[in-house]
Structures are given as C-alpha cells and as structure tokens.
Amino acid sequence: MNVEKIRGSLLWFSITTVERRIAPLVGYTLWIVAWFCALSARPLSEPDEGRYAEVAREMWVSGDWLTPRLDGFDFFDKPPLHYWASAIAYSLFGANPFGARLWCALTGLMSMAAVHWAGSRLFSREVGTSAALVLGSSLLFMLGAHINTLDMGVSAFLTVAIALFLVAQFDASAARYRLGLTLGMWVAIALAVLSKGLIGVVLPGAALVVYACWQRDFAILRRVSPLTGAAVVLLICAPWFVEMCRRHPEFFDYFFIRQHVTRFLTNEDNRNKQIWFYVPVVLLGLFPWCLFIPLKKNAFAAIIHREPAQVFLLSWVAIVFFFFTVSHSKLPFYILPLFPALALIIALFLASLSARALIVRLWVTATLLLCFYAFAQLAAPFITPSSKSELVSHGLHTLASALLPILIATIVSIALAHAGRRQLIVWVIALASLTGWQWALHSYAADADFNSAKQAADLLRPSIDANTKIFTFQRNLRGLPFYLGHFVVVVGHADDDISPSLPSSPSHYVADPAQFETMWKNDSNAVALIPVEDMPTLNKSGLPYYTLGKTSSLIAISRTPPADARGHEDRSAQMQ
C-alpha cells in the first residue's frame, strides 16, 4: 500500500513538474523561435518599412544622431527613438531587414512581458499568461511587431506605462514600491513620446481623467505624482526637442502643429476614413481571439465587477478608440495601443468560462474557421484575372494557409477542454496563430515584389559605383537608398514625406522631367528607374539608354552599357 502511494505521489509530482515547469519552458522557447525566425525572410515593403529603415541607416552612417534624414532630406515627421534603436541594431547585425525590424519585434515582446506581469500581479498567473499569448498572437499586433513602423514602439511603451500604473495603484502587495513604479511609469511615457510624439502623454492623461471621473477617485490624480512625472518627461524628452528647434527653426511648426494638430483636425494627408473604420480593424485585428469576446452584457459585467483595475482597462479602451476614431488621420496600426488592455479583458473572460461554455466557444470558433477556410479556398478561382485580382487571389490562398493551423489547433483544443487543460488550450491556439500569421506574411510578401525596392535595387546594383547618379523618374521608392547604400535623385514626384524639406537637399530632387533628360544626356555614369507607362514618352524624346532589366512596374536603364552588354538594347546607337 505504501509503495502504491509512493508511486502515485511520484507520478503526480512528475505530471505537475512537466505541466508547471517543463511545458512552459518548451512553450516559451517555441514562441521566441517563431517570433524572431522570419524577420529577415522577406524584403522591406514600400513605403513605410523602406522609409524608416533608411532614416535609421543614414543616421548610423552619418554619425548625426540628432537630425533624422530621408535620402538626404531633413525628415521631421517623427521623434528619434525608433531610429536610434534601429541604428544600434545595424551596428550589431548590419543594415538589413533583420536589423530594421528588430526593434519592432523586441518592443512587441516587451508588451507581452508587461501584460503578463501586470495580469499575474493583479489577477492570477493564468490570466497573465493568457493575456500575453492572446496579445502576441492577435493578427494586427503580430503584424505590427514584424513590420517596420513606429506604431509598435509607442504602443509598447504605453503598455509598460499602463502595467506599472495598474500594479502601483491597485496591487496592495506593491504598496512599498509605489513611488518607484510610478517613476517607471513616467519614464515609459517619456519614451512613448520619443517614439511617436505627444500621444505618448495625451492618451494616458485622458484615460486617467476618465477613470477618475468614472470611479469618483480624484485622489488618484495626486497619487501618480504629476509634477514629478512632468519633470521626468521633460528631463528625458526636452533635450532632443529643444536642440532640434534650435538647429532647425522650422521644426517646431512642422512637428507640433502640422504633424499633430493639423493631421488630427484635417484631412490634409488624405488618411481620413469612415467613422466606423476601426470597428472592423479591431475585430479582425484580434483574430482569432475576437471569437472569444464576451457578447452578453451579464458575462461582460461579471468580468468587470466595477473593480478599479478593470474599470481603468475599460477607460483605456474607450479613450484610445474614441481618440483615433474622431481623428482625421486613420491607419490600422494607429489603434495598436488598444490591444494590450483588450488582451487582459479577454484573458479574464477565458478564466471565468465554465468548462462547458469553453467547449461551446471552441466549437463555434472551429465552425467559423472552417467557413473562412472554405471561402478563401473556393473564392480565389472565381476572381476575374487582372494584376490586382491576382494579388487578391494570392491573398485568399495565403489566408487559407494561415487559417489551417489555427483550425487544427482549435479542434485539438476541444479535446483539451474536455480534459480540463484550459491554459494549454491558449498555448496551442496562440502558437498555431503566430505560426499561421508568420507564414501568411512571408508567403504574401514573396508574391508582391513590386511593393519592395529590393528587386529594383538588385537590377541597378551591378551598374553603380560611389560616383553613379541614381534617378527615380516619377516614382519615389523610399527603400532604394537603403538597399543600394546610395542617395537617389527623385524626379517629378515630391511625396508628402520629402516635399516639406526639399530646400534641405535640393540636389536630390528634380522637379522638371525635361531637366532630368538634360542631366541624363550630360552624365556618362547614371542609372534610372522608369515606370513602364512613362517609357514611350522618353523614347520619343530620344533618350539614350541601355536596358538593365524590368520589374512588374519599372524599367531599369543605364547611361552606359553594362558589363554583359550583349542582348541589351543600345538606344544611343539607335538615336544616331
């Protein structure tokens, strides 16, 4: 009898050890591998990835860590933290897509860690782990962490600020550390400001005021030490902003007025969308976890209980959603700061579900995933052939490939639910979702070469040296200087990201196509990218060139013959 008890105890100990120690270690290892493995597997997309990668590269190469520049033009759109981090990554790993995307991936992982920590301290370890996995495997958040934009950085530091605030104010066991946690919150807010501007302080401030009014807890406005916090933010942020205003007098008006006030209140940059734009963005962006959002009022109220931490989470969701909804500048990644709070709410709901309710949710999810998968597979063959429709067709096939592992994981999770393995269910669905989204991102990008400057750069690279003049005619590929390590002269296409700063580098812009033709004919060491539709006009004008190659939308030409000139068209000979 004693032997059987010992065996039973050993078996229980073994199972417990596997579930509590070994399984999470394996899960974390798989997650890290899946999170970072594909950062360099696809070229930088246009325009955002190429733009921000190049600004950081020029900062790294020039050694000027104060003034951001894009293709030699002053670039005052955003603060420098993202560029600084990317430039450091270049010094460690080289100027490549991995280095360009590394900061986004790291800050995305930091957001997950912050949510895990706050959820574990305030609710339970299960809620903290589930919230981190829900966040990291949500479609829009995962994309934001693997596409080189500035939105993930500001979202991550706002998430850290929220996590520190929640623990400092609502975790009784952390009372002795409240001052340190509060100062950490203000440091995170300052870094959010250095990531993308004033929303780093506006959003937390507005959410705090809404919470104070909702709970009638106005003392919390004092407990966050606003005067000390303002001093911390100014100490960290002011040096860069003050020096930029001193060195570039036009910076204040462009950055604070045009980039903040004007873009929020007007449609100057043509980014205004319908008032309901962020409803589908949030729902699809949460996929597959949007299928686990509580739908009944009673179920939702059961999660909140008017507890202070949950009320603040709702305040944050309301403020972020309202702020970006009323803004006249809307893009999908802008809403990313909403997702960490939603992940915590969804994790609370998952923890509150009964075993039967969880199984029903999983069956509904599996059924909907099967419908989505069938639609994506069956709809593609019926799309009318065209260049855009081929991209849509490929996108549907890619979506089907991404949904398949999630569908399989959901079916497996039904069996796990019957066995009471709730936490394992979240792990299985999250890892399957991350894998599916990574595959979709890589597969879709592989069939969208026209959306990256890499293919064009590969055509030009053999024909350029340090003295070659590179032109882009009626087109501005932001990533072209990044891939070539060489400034580019833009002809007749002043986009909104370079037009305000044209005087800062006049030699890099040619407004008149006729002037380009003159420069081209007088320069024996030049290459150019010409849109396919503009080539007939230049041929009629007698432009001399050698064809280097073609992409789906551009023709690469050279003023002098390439090394293997056989088979290339010699326009200068024809003109003679």
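Which residues of α12 are buried? In the predicted model, the buried residues of this helix are Phe251, Tyr254, Phe255, Phe256, Arg258, Gln259, His260, Thr262 and Arg263. Helix α12 spans residues 251-265. Elements that cover its buried residues include α8 (178-196) and α11 (226-247). The 15 residues of α12 extend 20 Å from the first C-alpha to the last, close to the 21 Å expected at 1.5 Å a residue.

The protein as a whole has 24 helices and eight strands. Of its 576 residues, 54% count as buried. Among contacts between residues at least 6 apart in sequence, 72% join residues that are at least 24 apart.

Cys104, at 1% relative accessibility, counts as buried because the cut-off lies at 20%. Beyond the residues up to four places away in sequence, Arg101 touches Leu39, Ser40, Arg42, Pro43, Leu44, Glu49, Ala145, His146 and Asn148. With neighbours within four places in sequence likewise set aside, Cys104 is in contact with His82, Gly144, Ala145, Ile147, Asn148, Thr149 and Met152. The C-alpha atoms of Cys104 and Ala145 are separated by 4.8 Å, although the two residues are 41 positions apart along the chain.

Another helix pair is formed by α13 (residues 278-285) and α15 (residues 308-326), which pack at an angle of about 135° with their axes 11 Å apart. The two helices are therefore oblique to each other. On the α13 side the contact is made by Tyr278, Val279 and Val282, and on the α15 side by Phe321, Phe324 and Thr325.

Six strands form an open sheet of mixed pairing, in the order β5-β4-β3-β6-β8-β7. Strands β5 (509-510) and β7 (546-550) stand at the edges; each has a single partner strand, so one side of each lacks a neighbour in the sheet. Helix α22 (residues 513-522) packs on the sheet and touches β3, β4, β5, β6 and β8 (554-558). The direction of α22 makes about 150° with that of β3.

Within the sheet, strand β3 (residues 469-473) is mostly covered, four of its five residues being buried. Strand β3 pairs with β6 (residues 526-531) in the parallel sense over four bridges. In this pairing, Ile470 has Val527 of β6 as its bridge partner, and Thr472 has Leu529 of β6. Strand β4 (residues 489-491) also runs parallel to β3, the two being joined by three bridges. Here Thr472 stands opposite Val490 of β4. Thr472 is accordingly paired with a residue of β6 and with a residue of β4.

Methods. Residues are numbered from 1 along each chain as its sequence is written. This is a predicted model: local features need pLDDT of at least 70, side-chain atom pairs count only at pLDDT 80 or more; totals for chains, interfaces and linings use all residues. Side-chain values use heavy atoms; hydrogens and water are left out. Buried means under 20% relative accessible area, exposed over 50%, partly exposed in between (1.4 Å probe, protein chains only). Contact means heavy atoms within 4.5 Å. Two strands pair if DSSP finds at least two bridges between them. The expected span of a helix is 1.5 Å times one less than its number of residues. Axes are lines fitted to C-alpha atoms, for helices over the stretch in contact, and angles run from 0 to 180 degrees between N-to-C directions. Angles under 35 degrees count as roughly parallel, over 145 as roughly antiparallel, 65 to 115 as roughly perpendicular and the rest as oblique.
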